Amino acid sequence: MPSQKRARRSAGLLLFRRSEESGFEVLIGHMGGPFWAGRESAAWSIPKGEYGPEEEPEAAARREFGEEFGRPAPDGGWVALGEARQSGGKTVTVWALEADLDAATAVPGTFTMEWPRGSGVRREFPEVDRFAWCTPQEAAERLVTGQRVFLDRLREHLAGGRVGEV
């Protein structure tokens, strides 16, 4: 019997705060590591991460926020922004939460990888090398393409529309 490949799933938490100038701003992170070092456009992400079948997506989103930002997710009501399938096949589920954290207080977790590739040298890099509050327009330019849909869903929610259920 052939083995079934497990579907890859991630869950994340998109913090937002209201702004008179742009309506709202979102907190996103620039991905760490050498591949993303010189890039700005499509090199930022909603704090998120993979989870397995033994973990609920909400718990994974809370855990990943803590790992990537270095502080627990703030308290408050979560708004389901639904799912989106990324170009690599991973399905991402995101919630929004209204909160105002100081981006400069982030203490991101790290990961280890061989760098340069083929060198045999393992180096440690931050999962996210910096966080920033961005207007929806700035975030749309910075976020990886497959996550931009969550900005539209948050905008719809804040305008009083319905947002897709998870």
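Colleague: What volume does the largest pocket have?

Modeller: In this predicted model, the largest pocket has a volume of about 320 Å³.

Colleague: Which residues lie closest to the centre of the largest pocket?

Modeller: The lining counts 16 residues, and Met31, Trp36, Lys48, Glu68 and Glu127 are the closest to the centre. Strand E4, residues 48-50, gives the most to this lining, with three residues.

Colleague: What makes up the lining of the largest pocket by class?

Modeller: Six residues are nonpolar, four are polar and six are charged.

Colleague: How many residues line the second largest pocket, and which lie nearest its centre?

Modeller: There are 13 lining residues, with Gln86, Ser87, Gly88, Lys90 and Val144 nearest the centre. The space in the second largest pocket is about 220 Å³. Its lining has seven polar residues, three nonpolar and three charged.

Colleague: Why is Thr91 called buried?

Modeller: The cut-off for buried is under 20% relative accessible area. Thr91 has 13% relative accessibility, so Thr91 counts as buried. Thr91 sits in strand E6. Leaving out residues up to four places away in sequence, Thr91 touches Arg8, Arg9, Ser10, Glu83, Ala84 and Arg85.

Colleague: Why does Ala37 count as exposed?

Modeller: Exposed requires over 50% relative accessible area. Ala37 is at 56%, and therefore counts as exposed. Ala37 belongs to the loop between E2 and strand E3 (44-45).

Colleague: What separates the C-alpha atoms of Ala37 and Asp129?

Modeller: The separation is 8.8 Å, while the two residues are 92 residues apart along the chain.

Colleague: Why is Gly29 put in the buried class?

Modeller: The limit is again under 20%. The relative accessible area of Gly29 is 1%, so Gly29 is buried. Gly29 is in strand E2. Not counting residues up to four places away in sequence, Gly29 touches Ala43, Trp44, Ser45, Val128, Arg130 and Phe131.

Colleague: What is the distance between the C-alpha atoms of Gly29 and Arg8?

Modeller: These C-alpha atoms are separated by 21 Å, and the residues are 21 residues apart along the chain.

Colleague: How do you know that E2 and E9 pair?

Modeller: Pairing needs at least two bridges between the strands. E2 and E9 have six bridges, in the antiparallel sense.

Colleague: What makes E9 mostly covered?

Modeller: Of the seven residues in E9, five are buried.

Colleague: Which residues have the most contacts inside the largest nonpolar core?

Modeller: They are Leu14, Val26, Ile28, Leu81 and Leu154, in a core of 24 residues. Two or more residues each come from strands E1 (9-19), E2 (23-31), E5 (78-85), E6 (91-98) and E9 (128-134), and from helix H3 (149-158). E2 gives the largest share, four residues.

Colleague: What is known of the second core, and which residues does it include?

Modeller: The second core is separate and has 20 residues, among them Tyr51, Phe65, Trp95 and Ala106.

Note on methods. Residues numbered from 1 in each chain as written. Predicted model: local features only at pLDDT ≥ 70, side-chain atom pairs only at ≥ 80, totals over all residues. Heavy atoms only, no water. Core = buried A, V, L, I, M, F, W, Y, C linked by side-chain atoms within 4.5 Å. Buried < 20%, exposed > 50% of the residue type's maximum accessible area, 1.4 Å probe, protein only. Contact = heavy atoms within 4.5 Å. 1 Å grid on protein atoms, 1.4 Å probe; cavity = no way out; pocket = protein on both sides within 12 Å on 5 of 7 lines; lining within 4 Å. Points joined across faces, edges and corners; volume = space filled by probe spheres on them. Nonpolar A, V, L, I, M, F, W, Y, C, P; charged D, E, K, R; others polar.
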